[in-house]
Amino acid sequence: MTSGGDKDTFLAGFEASISAGTFVRLTLGKYRGAGDAEKIVLTPVAIKGAAMLKAVTSHARKDVTQNYAVEDAVTFVEKVLGADYLSATLFTTAEDVTLGYTKKKTTTLTRGKPTFSSVPVAEHNRAKQYIVDASRPYLAGLGVSDGKGAIKPSMYAKFKQICHFVEIVESLISESDVRDASALRVTDIGSGKGYLTFALYDHLAAKPGRQASVTGIEIRPELVALCNDLAVKSGFSGLTFEAVAAAQSAPRANDIMIALHACDTATDDAIYQGIKGNAALIVTAPCCQHELAPQLTRAVKPLDGLLKFGLFKQRQADLVTDAARCLLLEAQGYTVKVIEFVSTEHTAKNILIAAIRDARVDRTQAQKQYAALKAQMGFTSQHLETLLSKQP
Ligand SMILES: C[S@@+](CC[C@H](N)C(=O)[O-])C[C@H]1O[C@@H](n2cnc3c(N)ncnc32)[C@H](O)[C@@H]1O
């Protein structure tokens, strides 16, 4: 038989087993594609009452799940079989069928006794465990999901990051004094393409009895235009974006200030504006800390060995910069938590500094600690301190 013939027979058997209700699972193996995928297992799943197929792709460090309508699952298997995957086994209650490809792409189709004697009860959709609903249209507008509400495999890590961020902010809100606020004003500095800004707005505005007004501040006008356009199309009347540099954006009264991976001292500008705007929460994930590294040459002598090597020196500068920000936040009356935001697998810039306004904080002690850190590490100028020193 030609390879097309065996493949067609296999795919027809796959489709027929689903129609006949004898389908148990289909596995794809012998991955020869460019990525780090290992195998895919397709099993029945019920989503909002509809029979679909769940495909779990095993990668070296994670599993990626994608749900397909039946016809799309068949199309998907047709596409990857013989290209990325050189082996597939269809398990039905009637028989097991294996299609294999040799290096020269000739095929063998073998049939055997069924491994399974009964069809599993379709698993229910697990997507509901995510705080962000994957079917929300703005996710398609941002390119995170396809038009059918399924997260694109290439955007799965981003989607998980978005969900994790929304969970963190929701949890911080519950610890803050705006937990029961009927209106929340949020500013997101360095909002970029708006992934997190849209998700947070959608989440905050969804709570009955709570109004949300979210402003994204972004230096790149083309991103601002895209985000404003999508906000209008999504019907998100409380979500707007402004094309302005963080340092130049007008200070505004604020409940929550966010700056995730806003570059270098834009994080300080955001923290400063949060403090000036009396934000209950200030949430930043700093990156590109360039300001302090050149100043560490004046650190106390015992640190010479630590700061001798360029890479270690930059890492110390990152830590000193962020510790300085935390202490300055405490000195302004915030309780500070430092947590890991995303897995180091995705970015090394994974530290999240969360500051919650709290009148009980020992501000004097924080000021002393900041002064000691500054003296030990030898820096004389830190952007947030400079901004705060100008505060009336
Ligand atoms: C790495 S992206 C992060 C985007 C988004 N916050 C996220 O985490 O997905 C950083 C964004 O900050 C913007 N940015 C950098 N410096 C800025 C500044 N001084 N003022 C406003 N935006 C800035 C950049 O243009 C970029 O879009």
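Buried residues have under 20% relative accessible area and exposed residues over 50%, with partly exposed residues in between. The structure discussed here is a predicted model, and with these cut-offs D229, whose relative accessible area is 38%, is partly exposed.

## Salt bridges

The count of salt bridges comes to 15. In one of them, the side chain of D229 meets that of K233, with N and O 2.9 Å apart. Both D229 and K233 belong to helix α6 (residues 221–233), where they are 4 residues apart, about one turn of the helix. K233 has a relative accessible area of 65% and is exposed, whereas D229 is partly exposed.

A second pair joins D304 and K301, whose closest N and O atoms are 3.3 Å apart. Here D304 counts as partly exposed, at 39% relative accessibility, while K301 counts as exposed, at 65%.

| Salt bridge | N to O separation |
|---|---|
| D229 and K233 | 2.9 Å |
| D304 and K301 | 3.3 Å |
| D72 and K148 | 3.0 Å |

In the contact between them, 8 residues of domain 1 meet 8 residues of domain 2. The size of an interface is often given as the accessible area lost when the parts come together. For domain 1 and domain 2 the area buried between them is about 610 Å², of which 48% is on carbon and sulfur atoms. On the side of domain 1, K62, V64 and Q66 supply 56% of the area buried against domain 2, more than any other three residues.

Across this interface there is 1 salt bridge, and 2 residue pairs are in polar contact, both at pLDDT 80 or more. Strand β4 (residues 63–68) gives the most to the side of domain 1 that touches domain 2, contributing 5 residues. By class, that side of domain 1 comprises 1 nonpolar, 3 polar and 4 charged residues.

## Backbone and a buried polar side chain

Most residues other than glycine have a negative phi. K30, a residue other than glycine, has a positive phi near 50°. This lysine, K30, is found in strand β1 (residues 23–31) and is partly exposed, with a relative accessible area of 47%. K105 also has a positive phi, near 70°, and lies in the loop between β6 (96–101) and β7 (107–112). At 38% relative accessibility, K105 counts as partly exposed.

Q161 has its place in helix α4 (residues 156–175). Is Q161 buried or exposed? Its relative accessibility is 12%, so Q161 counts as buried, the cut-off for buried being under 20%. The side chain of Q161 is joined to that of K158 by a polar contact of 3.0 Å.

Conventions. Residues are numbered from 1 along each chain as its sequence is written. Side-chain values use heavy atoms; hydrogens and water are left out. Helices (H or I, at least four residues) and strands (E, at least two) are DSSP runs, numbered from the N terminus. Buried means under 20% relative accessible area, exposed over 50%, partly exposed in between (1.4 Å probe, protein chains only). A polar contact is a pair of N or O atoms within 3.5 Å; within protein, one must be able to donate a hydrogen and the other to accept it, and residues adjacent in sequence count only if both atoms are side-chain atoms. Contact means heavy atoms within 4.5 Å. Buried area is the accessible area (1.4 Å probe) that two parts lose on being put together, summed over both. A salt bridge is a side-chain nitrogen of Lys or Arg within 4 Å of a carboxyl oxygen of Asp or Glu. Ala, Val, Leu, Ile, Met, Phe, Trp, Tyr, Cys and Pro count as nonpolar, Asp, Glu, Lys and Arg as charged, and the others, Gly among them, as polar.
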